[in-house]
Amino acid sequence: MTLTEAEQETATDQTGGPLTGRSIPRVEDARLLTGGGRFLADVQIPEMKHAAIVRSRVAHGRIRNIDLAAALEAPGVVAAFDGRMLATVSRPLSHLLPIPTIKPLEWHVLATEKVRFVGEPVAIVIAESRSSAEDAAELVDVEYDELTAVTDAVAALADGSPLLYEEWDSNDFLSHEHVTGDVDAAFAAADGVLSERITQHRVIGLPLEGHGACAQFDASTGKLLVYASNQQPHNLRTVLSDVTGVSEARITVIAPDMGGGFGNKQHFMREECLIAVVALQVPFPVSWIQDRYESLVSSVHSREQVHDVEIAYRSNGRVLGMRTKIVADIGSPELYFTGASPALVTTSLLTGTYDIRAFSVELHCAVTNKCPIGAYRGFGQPQAFVTIERMMDLLAETLGLDPAEVRRRNFIPDEPRPYVSVTGARYDTGSFPAQFEDLLDLLGYGESRSAQEAARREGRFVGIGLASIVEATAPNLHSVAGRFGGFELASVTVQPDGHVNVVAGTKSQGQGHATFLSQLVGDELALPLEMIDVQEGDTALLAYGMGTWGSRSAVMAGGAVIRASRKLRDKMRAIAANMLQADTASVELSEGMFRSAGAELPFVAVANAAYLHPFLVPPDLEFGLTETVVYDPRNTSYFPDEQGAMNVAATYATAAGGVVVEVDPATGAVAILDAALVHDCGRVINPLIVDGQIQGALAQAVGAILLEEITYDHDGQPQTVSLLDYLVPAFGSVPRVRIRHRETPSELEGGFRGAGEAGIIVMPAALVNAVDDALRPIGVRVRQTSLRPKHVRRLVREAGFRVDPLAPVRLHGLNIS
Amino acid sequence: MDLRMRVNDKAVHLAVEPRDSLLEVLRDRLSLRGAHAACEQGACGACTVLVDGRAAQSCLLFAVQAEGSEVRTIESVGTPGSLHPLQEAMHRHHALQCGFCTPGIVMAALDLLESTELFESGQPLDRETIEAAMSGNLCRCTGYHPIVDAIEEVASGRIQSDGRSSTAAAAAGSEHLAEVEG
């Protein structure tokens, strides 16, 4: 077996030197590999009952009546509630977004007056078993006065459209405009203008383990315990306190092992709040585990946007200005923090990695009678790069330039840093041109173009797609995602036996936090990984935390644990100095020993002294070895400035991606022949984990473009309701991506930039460009992100190309053997 | 209904509802929670166990269909302190991230690696064969290649150690199992 470049670079290494930077296999694995993972559905509480949720079967309607009587009499049923009953014992949720133009909105844990998408929760039945709860849920009789469904975002904004919220007088939930530079002058000075409409389709992150919650209220203590598969357990605690009225001091949220999240579990689901509210009403714990139908129709969808974009260019390929209008379909907005947030992120990155100084964007977030749109790995960023990278290719074609060349002529220059983008983002990044040349080298761009020419002469449709991105990591989304974001907490405790407990406010969903945080702590405290234990996801263990999203965990939790560990190391050096009768400054820590002038003390002896031998602790130091650190680089904006500019992220990661595809115009199938990605997430803590994130994100990018598409009919009925309708990549449908790292350290603690999302932000653009490039000889223009075979076939047909079934025979002759 | 089967080498006798799936009985009645419910439609393979030595999606089987069968679950394969060679290879290759699909992946791959038909056919266990055999299992995290790498490595190790016969390797695997169960 020959190793690819990525494999060689990530060959595991467990010997010598610092832990950081090494491909160490994960400490999480052994438990998960042997069936020892404990996911939400594995949580068992004595006396626990099971919930089934009754969901709307109509896309838009007024609830006339809900009859729970038959369900309440069904075998095993112990309780049932509808929305009006629970609205009297709970507070409504709200989007809480501090944006002046956003419509006011509150909603309850169950629908009360209207339903606005198929799958919206309207009632809940609690029974002894899940199957009896589901049987009884079918007996709940809900009568609706059906209303006309609104399923298209552009049509939703037209005059005369039926309204989801009559009180708003329109379906425009949020409109937002931003202008930088003199856009009109840029267009007036241009040699030409390219105008396109690019449509981006609806997909779902689809963690294999769906959402769920399990809650228990202890009336004797007033304490509420909630288990939830949630990426932000502390933030969920805050929301649960809002909704239930129980103080945060009396709520514990535990996020157990999570079977993926991908942003879908970043929200505070109505159902998570519902289960907590119900638990306050009944004398037993209640569990709800989302099934796959529920996950597909009533959890969190993503991406759907229409971009009308114009770029003004000079004949030398330089882009002078850009105008964009975005209509984002956000479905039902009743999802904390709503689909407006990723759409706002899209608007901030539309100029991509290019030095375009005149820019305007107009955003409209339209509500429709479809499942709420929300977070999915990439969070609005893939859409921005599909658009700008598509436009770069179209410009190259218009001017007869190579797509690589038109990019070279527009890249953000290497100086100055930070480069302040048209929306105020402060790019602290490495070189975009050098990263791109690295990609062309890794891809073998010249040879790929020659091979493409040869393939075209044989009548084959081979295409090459390129893309370049900058990615907001460790964001503070205060103004676009409500109250949460910004700082992170972590505590590090050295126990009397020298073992270390680390607690972080982030929450791994598979990203290997226990491993990479241990690597960082191990380097600071000169300890092996076996001495370090990392815990996340239990609000009782740490005052607060912001969870895991926005590629923030290595940067924010990493920064916090490094600082906490250093404080402990310095304190232990002072204790060791006292014990060795030496100067603190002369005491060094390495390989588990404190050393000074030939004398040495084991780490564990100092740890023990700090707790159990107070006479060895210098009088100016407190006993014990525990530090809690709040880390925030304080370099992000909480609100836009007067020009509407804001810096959303603590640091920015970058990547360039390229793919080579072959399209079969007869079937519409797209085969990926090669995929390459150059990645800069600053200092890499564990290449094995980072490369795994890139490969996994590539799979989701391939799925999103070539296989996956959530669809509804005109009445708002979902057509993708099982994994037989919604196809995700399987074994054999994903290429192996070849990876090269550039490590431009950030200025933050540790030098990290975020990792985990680059693959899904850069590769959709590269894939769309590659398919377009493949089909260019027959006049196909790709202006959409969904390139499932049926769509590719439609594009081929619309281009007027008729597939000659005998073409291979004419080319190669009949080969009958 | 009365159900008698052997699960992880232990005789099991219990009363079940006709509609109980094998997955529900394993998880809720026998507390073997390593097999997971993720689609309950036979589309994802997270619930995969071995029934009479072959990979089966336990969400699609009624429990009573396992009457008289030998069922093996992830709980019988390796321990955190003593991983099965396949689990060891998956660990080294970073072939799992969230770990939710992992028990199903391990069981499906064991079926493939222990399949005597395949070895007797003389077919090499190449990537395409592995991908075809594993196509009933979805993973949303890894992008699959690390899993195929791990399976390929275990398979090639067997071929190198004892030619094209799988017998010795399979026996070694069983010994390992016996050890951890004992």
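## Helix pair in chain B

In this predicted model, helix H2 (residues 85–92) of chain B packs against helix H3 (residues 102–113) of chain B at an angle of about 125°, with the axes 10 Å apart. Axes are lines fitted to C-alpha atoms, for helices over the stretch in contact, and angles run from 0 to 180 degrees between N-to-C directions. Helices (H or I, at least four residues) and strands (E, at least two) are DSSP runs, numbered from the N terminus. The angle makes H2(B) oblique to H3(B); angles under 35 degrees count as roughly parallel, over 145 as roughly antiparallel, 65 to 115 as roughly perpendicular and the rest as oblique.

H2(B) and H3(B) cross in a right-handed sense (the near helix is turned clockwise from the far one by less than a right angle). From H2(B), the contact (heavy atoms within 4.5 Å) is made by B:Leu86, B:Gln87 and B:Met90, and from H3(B) by B:Thr102, B:Ile105, B:Val106, B:Ala109, B:Leu110 and B:Leu113. Seven residues in this contact are nonpolar, two are polar and none is charged. Here Ala, Val, Leu, Ile, Met, Phe, Trp, Tyr, Cys and Pro count as nonpolar, Asp, Glu, Lys and Arg as charged, and the others, Gly among them, as polar.

## Helix pair in chain A

Helix H12 (residues 381–399) of chain A and helix H20 (residues 758–775) of chain A pack at about 35°, their axes 8 Å apart. The crossing of H12(A) and H20(A) is right-handed. Residues in the contact include A:Phe385, A:Glu389 and A:Arg390 of H12(A) and A:Ile761, A:Val768 and A:Asp772 of H20(A). By class, the contact of H12(A) with H20(A) has eight nonpolar, two polar and four charged residues.

## Interface of chains A and B

The contact takes 54 residues from chain A and 49 residues from chain B. The two chains bury about 4200 Å² between them, 60% of it on carbon and sulfur atoms; buried area is the accessible area (1.4 Å probe) that two parts lose on being put together, summed over both.

Five salt bridges are counted between chain B and chain A (a side-chain nitrogen of Lys or Arg within 4 Å of a carboxyl oxygen of Asp or Glu). B:Arg140 forms a salt bridge with A:Glu708, with the closest N and O atoms 2.7 Å apart.

## Salt bridges overall

Over all chains the count is 65 salt bridges. A:Glu166 and A:Arg62 form a salt bridge through their side chains (3.1 Å, N to O). A:Glu166 lies in the loop between helix H6 (153–156) and strand S9 (172–180) of chain A and A:Arg62 in strand S2 (residues 61–67) of chain A, so the pair ties together parts 104 residues apart in sequence.

## Basis

Residues are numbered from 1 along each chain as its sequence is written, and chains are lettered from A and ligands numbered from 1 in the order in which they are written. Local features need pLDDT of at least 70 and side-chain atom pairs count only at pLDDT 80 or more, while totals for chains, interfaces and linings use all residues; side-chain values use heavy atoms, with hydrogens and water left out.
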